[in-house]
Amino acid sequence: MQSAKKHSSAIALEGGLPVRGEILPYGRQSIDDEDIEAVNKVLRSDWLTTGPMVHEFEKLFAKAVGAEEAVAVNSGTAALHCAVAAIDLEPGDEVIVSPITFAATANAVVYQHGVPKFADVDPKTLLIDPNKVEAAITPRTRAILATDYAGQPCNYDRLRQIANKHHISLLTDGCHALGAAYHSQPVGTIADMTAFSFHPVKHVTTGEGGMITTHSPDVAKRLRILRNHGITTDHRARELKGTYHYEMVTLGFNYRLTDIQCALGISQLKKLPSWLCRRREIASHYDRALKDIPGVTPLAHVPHSTHAYHLYVVQLDLSSFSADRSTFHAALRAEGIGANVHYPALHLHPYYRDKFGTHPGQFPVSEKACETILSLPLFPLMTKQDEEDVVTAVRKVADHFRR
Ligand SMILES: *Cc1c(COP(=O)(O)O)cnc(C)c1O
């Protein structure tokens, strides 16, 4: 890319040379030979599902997070659904969620015939605002389901206070936050239940997969029943006892994670500490570089917390630029940088508007933020050159559109 400099005035969107030829995605898995060998071994074994790898993965995951119990399921969405099902939501019961989260967070409430009640976010961190949570509580509220957006923990001191005061559950969508901590308490040990995802862009992957952590063995037992059709024993437990007898005690699901996937998860988990370090290293490089790029500001850091950096999100000060976010995004893509948007405001999706009557103007902080955010590429296998390319492209595009 030697000629990038020569043409630095022309952005690729307007015919200039791009910073790089190949698109750098915003996130990507890391798979090595050890992962592949672990999966191969299970494929040659007796148990492809409900086997020993499931228990092993759960044990190691619980240990990695510091939780008493971990229950493996086949997606982060299934983890959220099981958590909501485990609090025995009655139709019409309300669960408070953020508008700035993936659709699955609120969908999990709707699966159980509950009503997601949105509460607006803090403008600097885009984490659910405890004051707005408190204001959203009604006699039908059964839980707060807080998303640790981008990988930063919510204000759990306040959320716990509110949950206790109103005798409701505190649940976490921790799909961004494996490895995060709040006042040195790891995410996964703070809420009554925490849901994690093992989608390829998340911290560790099993292809598709998820986990729920909890401190309560009773809750874990209930979650294991829910993931297996509502049946009290699984195939292997019956096999070990030499019995065919089983009972279905509640309406559950087939949310089981296979042994093939658990073996991959176990192998991935070993690398989590080094991957977290790498994510933080890339983030701190971006933090330093963006200080010199006015109008492009990273989200504020939550004090006394450890960031897991699933996402590196910047907010564009659109008054500084002659471009909107969508043009900024297209310009970065043209430079070879696969920036992304997490997320369009959830309450403004047609489904939620139609079914729950949500509308523009209801959550102004979220709605404004959703027009200005971009997630920059961040994953452990990024090279130093990739990092430099991101910074170069952001600077080039910002300088070009600066008023
Ligand atoms: C990834 C994600 C989910 C869903 O996880 P899947 O494993 O894709 O089902 C839910 N909530 C948030 C915030 C996520 O990022």
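**Entry 1: the ligand shell**

I looked up the surroundings of the ligand in this predicted model. I found 15 residues around the ligand, and Gly76, Thr77, Asp173, Ser197 and Lys202 come nearest. I then sorted the shell by class: eight of its residues are polar, five are nonpolar and two are charged.

I next asked which helices contribute to the shell. Both α3, residues 76-86, and α4, residues 103-111, supply at least two residues each. The largest share belongs to α3, with three residues.

For Asp173, I noted a distance of 2.7 Å between an N or O atom of the side chain and a nitrogen atom of the ligand. His176 places a polar side-chain atom 2.9 Å from a ligand oxygen atom. For Tyr343, the distance from a polar side-chain atom to an oxygen atom of the ligand is 3.3 Å. I also checked how far the ligand is covered: it exposes 380 Å² when taken alone, and the protein buries 92% of that area.

**Entry 2: a three-stranded sheet**

I traced an open sheet of three strands, in which the order is β7-β6-β11 and the pairing is antiparallel. I recorded β7 (185-186) and β11 (305-306) as the edge strands, each of which pairs on one side only. Between β6, residues 181-182, and β7 I noted two bridges in the antiparallel sense. I looked up the partner of Tyr182 in β7 and found Gln185.

**Entry 3: cavities**

I listed the cavities of 30 Å³ or more and found three in the structure.

The largest cavity holds about 70 Å³ of space. I noted its lining residues, among them Ala150, Gln152, Asp287, Pro298, His301, His307, Tyr309 and Val313. By class, this lining of the largest cavity comprises eight nonpolar residues, three polar residues and one charged residue.

For the second largest cavity I recorded a volume of about 50 Å³. Its lining includes Arg28, Gln29, Ser30, Pro200, Lys202, His203, Trp275, Arg279 and Pro380. I counted the classes here as well: the lining of the second largest cavity has five polar, four nonpolar and three charged residues.

I made one cross-reference on Lys202. This residue is listed among those that come nearest to the ligand, and Lys202 also lines the second largest cavity.

Key. Residues are numbered from 1 along each chain as its sequence is written. This is a predicted model: local features need pLDDT of at least 70, side-chain atom pairs count only at pLDDT 80 or more; totals for chains, interfaces and linings use all residues. Side-chain values use heavy atoms; hydrogens and water are left out. A residue is near a molecule or strand if one of its heavy atoms lies within 4 Å of it. A polar contact is a pair of N or O atoms within 3.5 Å; within protein, one must be able to donate a hydrogen and the other to accept it, and residues adjacent in sequence count only if both atoms are side-chain atoms. Accessible areas come from the Shrake-Rupley method with a 1.4 Å probe; for residues, only the protein chains shown count as cover. Helices (H or I, at least four residues) and strands (E, at least two) are DSSP runs, numbered from the N terminus. Ala, Val, Leu, Ile, Met, Phe, Trp, Tyr, Cys and Pro count as nonpolar, Asp, Glu, Lys and Arg as charged, and the others, Gly among them, as polar. Two strands pair if DSSP finds at least two bridges between them. On a 1 Å grid over the protein atoms alone, a cavity is a set of points where a 1.4 Å probe fits but cannot get out, and a pocket is an open set with protein on both sides within 12 Å along at least five of seven lines; lining residues have an atom within 4 Å of a point. Grid points are joined across faces, edges and corners, and a volume is the space filled by probe spheres set on the points.
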